[in-house]
Amino acid sequence: MGNFDAFEQGFASPNGNGRLPNGHGSPKERLSVEPERKFSAPAYTEIRTRRCNAKAAAESKQASSSSYHPEKKAHMNGHASATREQGSSTKPNQAEGKLSPEKEHYQKTSFEEVPMHTACLTYLGFYLLMILGYINQLLFVPKVATEKDREGYVALYDAFESFYSRYVYRRIKDCWNRPICSVPGDELTLKDRVTDDYGWSFKFTGTETRCLNLGSYNYLGFAAATGRCADESEERARDSGLAYCSSRCELGNNAQLDELEKLTARYFGVEDAIVFGMGFATNALNLPSLLGPNCMVVSDEKNHASIILGLRLSGATIKVFKHNNMRDLERVLRDGICQGNAKNGGKPWSKVMIIVEGIFSMEGSIVRLPEVVALKKKYKAYLYLDEAHSVGAMGSHGRGVTDYYKVDPKDVDILMGTFTKSFGSAGGYLAGSKKLIDFLRTNSHAHCYAGSISPPIAQQILTSMKTIMGEDGTETGRNKIMQLARNTRYFRRRLAQLGVITYGHEDSPVVPMLVYLFSKIGAVVRTLTTRHIAVVGAGFPATPIMEGRIRFCLSAAHTKEQLDYALEVIDETADDLGLKYSRKPRDPNPIEY
């Protein structure tokens, strides 16, 4: 998604270990009683807090100070309390319609530019790592398998990717792919591991670390080991087993999946829907069925890797427009339609499709959907909307960005999303007209060949979706939507008050905090882990070289106390590591929750 290649993205997942101090109380008291801790990571020495007594004392008096600590809660495995949802009166955030779409977008979205000196240091540090890597490669044999007897054959691995993985990424490899041994609720349990050879290999220590979870896509808090979803999924597993062992077109279809598809269509307000067992592959496997060589696709430069893979497999002509830039989108549409298919002698395209995401997963920005729909109608194009991160997390009814902007869902030709995030399950869906869905049931590789959704997984989706829709007879779904909206605005505004740079829309629960330098990604992840906060780091090639970041994902399961604890630790870490790059004026007033 970066400048290196607009069509290459990746996702980072957390990893690490640490020990929780026993001290509680004010920040000053905790700092004074915490024992010295060692973190088993390559070339890392724990950064201890160096805040002066005056500053610590002043902050301890603030109303926002939290007594929350992950060790204090005798949590069930990922279970989140629902008491905070009762009596909630705050309305969900939504587009108010008082400003033009363009003005509202710029007013509510933040993309602060990196300071020049920080950009220079970032590039310098990255290329220094590259130089050290080349020297290391010349002097020492890498502790990995090498290709032999490959003369006349295509190399199995790209040379640069292999070098980057071994000598740059390896230095902070402990911060990625961290295994957990609990459900990803408001808290999770990390399995501790260490490396004795600077990241070439890892081994488990046999210990575990309980952390506040700020890295999972559990937006509405349905990923819990207890509660109605878990109970009904367990009951379904006992009644129907764990898998159908067949595709939908053979022996894998049943009344439960038919019910799920009807409920999904009703949830989004469209004619029909089809569900698949693989969320990430929904784009990759279905876009080739919808497109062809004589099709032109106009794609946002920040679109997800699964979209790009599907487009490449389809053979369609891909044209890229600048991220969320409607003027550039119109320019690309106009030029592409006027010029026609150059490979076919300039003849008109058989199909023109615009592909965007609801919430862009690395940027935290929200698509300017009303303007995209207007351009789609103006140029007679089709619109494909990926709502993997926005369905459930946006809108007063949790139906995604169409609900957030009050756009008629029938103005979007193809609605795509996953059940892996807000619904706390697995799989994905495509929704739209009955003609579209009937076509996919016949031609989609994911429908014809992939295994169908298992009974307990489908039951988790059914129960959570009915809860969101209020069909369970309670206000739980609406309260979760409002809680997520409140947590999102509060957390983003407090971060802005701290002076760090964040990207994205103020209503987006995906919150990237820019740290820029490659080395600082690892330092932040490791430091926060020692304070029992699990976060996700993202760097090149998932982001541009000089836009390394920490990506926070908020949840309705988080309480104000948990967010305040995280913000206190982030504030201290930002001071220690020099992360307060923002030049915007800070709000001196307390941020209301």
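In which sense do strand 2 and strand 3 pair, and over how many bridges? Strand 2 and strand 3 (residues 203–213) are antiparallel and are joined by seven bridges. The model is predicted, with an average pLDDT of 83 over the chain.

**Confidence**

- A pLDDT of at least 70 is reached by 83% of the residues.
- Residues 1–64 have a pLDDT below 50, and the model gives this stretch 167 contacts beyond near neighbours in sequence.
- Residues 74–96 also stay under 50 in pLDDT, and 55 contacts beyond four places in sequence are found for them in the model.

- Within the pairing of strand 2 and strand 3, leucine 188 has cysteine 211 of strand 3 as its bridge partner.

- Another open sheet has seven strands in the order 4-10-9-8-7-5-6, and its pairing is mixed.
- The edges are strand 4 (272–276) and strand 6 (317–321); each has a single partner strand, so one side of each has no neighbour in the sheet.
- From one strand to the next, the twist averages 20°.
- Strand 4 and strand 10 (residues 428–432) run antiparallel and are joined by five bridges.
- Isoleucine 274 has leucine 430 in strand 10 as its bridge partner.
- Helix 11 (residues 369–378) packs on this sheet, where it touches strand 7 (351–357) and strand 8 (382–386). The direction of helix 11 makes about 155° with that of strand 8.

**Nonpolar cores**

- The largest nonpolar core contains 110 residues. Those with the most contacts inside it are Leu329, Leu369, Phe491, Leu495, Ile533, Ile550 and Phe552.
- Helix 18 (residues 560–577) supplies eight residues, the largest share of this core.
- Domain 1 (1–227 + 473–593) and domain 2 (243–453) both contribute residues to the core, so it lies between them.
- Leucine 369 is in contact with Leu383, Leu385, Val401, Thr402, Tyr405 and Val407, leaving aside its neighbours within four places in sequence.
- A second, separate core has 21 residues, including Ile274, Leu291, Ala316 and Met416.

**Helix 9 and what covers it**

- Helix 9 (residues 305–314) has these buried residues: Ser306, Ile307, Ile308, Gly310, Leu311 and Ser314.
- Among the elements covering those buried residues are helix 8 (281–290), strand 5 (295–300), strand 6, strand 7 and strand 8.

**Backbone exceptions**

- Most residues other than glycine have a negative phi, and most peptide bonds are trans.
- The peptide bond from phenylalanine 540 to proline 541 is cis, with omega near 5°. Proline 541 sits in the loop between strand 14 (536–538) and strand 15 (548–553).
- Cysteine 245 has a positive phi, near 55°. This cysteine 245 is part of the loop between helix 6 (228–240) and helix 7 (255–268), and its relative accessibility of 75% makes it count as exposed.
- Asparagine 324 likewise has a positive phi, near 55°. The loop that holds asparagine 324 runs between strand 6 and helix 10 (326–339). Asparagine 324 is buried, because its relative accessible area is 4% and the cut-off for buried is under 20%.

**Histidine 445**

- Histidine 445 belongs to helix 14 (residues 445–448) and counts as partly exposed at 44% relative accessibility.
- The C-alpha atoms of histidine 445 and asparagine 286 are separated by 6.9 Å, although the two residues are 159 residues apart along the chain.
- Not counting residues up to four places away in sequence, histidine 445 touches Leu285, Ser289 and Ala450.

Technical notes: Residues are numbered from 1 along each chain as its sequence is written. This is a predicted model: local features need pLDDT of at least 70, side-chain atom pairs count only at pLDDT 80 or more; totals for chains, interfaces and linings use all residues. Side-chain values use heavy atoms; hydrogens and water are left out. A nonpolar core is a set of buried Ala, Val, Leu, Ile, Met, Phe, Trp, Tyr and Cys residues joined through side-chain atoms within 4.5 Å. Buried means under 20% relative accessible area, exposed over 50%, partly exposed in between (1.4 Å probe, protein chains only). Helices (H or I, at least four residues) and strands (E, at least two) are DSSP runs, numbered from the N terminus. Domain bounds come from an automatic or database domain assignment. Contact means heavy atoms within 4.5 Å. Two strands pair if DSSP finds at least two bridges between them. Axes are lines fitted to C-alpha atoms, for helices over the stretch in contact, and angles run from 0 to 180 degrees between N-to-C directions. pLDDT is the predictor's confidence in each residue, from 0 to 100.
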